[in-house]
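Here is a short briefing for a reader meeting this structure for the first time. Please keep the sequence and the 3D view at hand while reading.

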Amino acid sequence: MAAAAVAAGADVRWSSEVTSLERAAGRVRAVRLATGERIACDAVVLTCELPAAYRLLGRAPRRPVPLRHSPSAVVLHAGTDRTWPGLAHHTLSFGAAWERTFDELTRDGRLMSDPSLLISRPTAHDPALAPPGRHLHYVLAPCPNTDLGPSAAAWRDLGPRYRDSLVAVLEHRGLHGFAASVREELLVTPLDWARRGHAAGSPFSVSHTFAQTGPFRPRNVVRGIENAVLAGCGTTPGVGVPTVLISGGLAAARVTGGRS
């Protein structure tokens, strides 16, 4: 996507922190970077998390209830010296206590007592992603976001313990020897998502509750700012790569006056 943008004439600035937006008479006049650079603009499209976008614009949405964020996720990336024949590229390992774990994630703010997991094995279709004789697996476990469940800071100690618990679940469900097979690993928790700027420590943005779906989801225009448009998973139409790409088309139509 970056290559397509550059081919269309975009100037991509990697690792450039935006510190503020210059605003005057209801319009954004320029973007200010942490380096001190000032980039003048006719319009601005913000794809960052909604709280960050509203903070930069000095605005907040008018809503009868506060925004609620989706559950978060713990992800264990593991480089192993073996794999298991029963694993496809993507494998879903469901727990039996389906309804209870939904309540734990979205109402009680507790870790799943009977986890349902996504196990991905990208080397199933591209062995070159790992050294010869090695394999890549990542295990995704939904968990409460930091508004509802353990705080981001709590995951410093909780993360390694939960990692061991997940590995024990995998072993119990047939991935015998998983713990001993791990040669390299990276654990990502809500603390890491929060450090990356994700609101409520969740990479999945605003949840798709009834009050935040369809016409009730935050709009892609911002009250009081004529030339600012939002895009990304927090605004319409919602979370997921296809819907986020649609949000980009909607933003482009807002800026150009055309149709998406």
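How many bridges join β1 to strand β2, and in which sense do the two run? Six bridges join β1 to β2, which covers residues 27-33, and the two strands run antiparallel. The model is a predicted one, and the points below go through a sheet of three strands, the pairing around strand β5, and the nonpolar cores.

**The sheet of β1, β2 and β3**

- The strands of this open sheet follow the order β1-β2-β3, and their pairing is antiparallel.
- At the edges of the sheet are β1, residues 18-24, and β3, residues 38-40, each of which pairs on one side only.
- From one strand to the next, the twist averages 25°.

**Strand β5 and its partners**

- Strand β5 spans residues 72-80 and is mostly covered, since eight of its nine residues are buried.
- With strand β8, residues 135-143, β5 pairs in the antiparallel sense over nine bridges, and within this pairing S72 stands opposite C143 of β8.
- With strand β9, residues 182-188, β5 is joined by six bridges, again in an antiparallel run, and here H77 stands opposite L186 of β9.
- As a general point, the strands of a sheet pair through backbone hydrogen bonds, in either a parallel or an antiparallel way.

**The nonpolar cores**

- The largest nonpolar core holds 23 residues, and those with the most contacts inside it are L117, W155, Y162, L170 and F178.
- At least two residues of this core come from each of β5, β7 (117-120), β8 and α4 (155-172), and α4 gives the most, with seven residues.
- Once neighbours within four places in sequence are left aside, Y162 is in contact with V74, L111, M112, A141, P142 and W155.
- Apart from this core lies another one, of 17 residues, which includes L57, V206, V222 and I225.
- In soluble globular proteins generally, nonpolar side chains tend to be buried together.

Key:
Residues numbered from 1 in each chain as written. Predicted model: local features only at pLDDT ≥ 70, side-chain atom pairs only at ≥ 80, totals over all residues. Heavy atoms only, no water. Buried < 20%, exposed > 50% of the residue type's maximum accessible area, 1.4 Å probe, protein only. Helix = DSSP H or I, 4+ residues; strand = E, 2+ residues; numbered from the N terminus. Pairing = 2+ DSSP bridges. Core = buried A, V, L, I, M, F, W, Y, C linked by side-chain atoms within 4.5 Å. Contact = heavy atoms within 4.5 Å. Axes fitted to C-alpha atoms, helices over the stretch in contact; angles between N-to-C directions.
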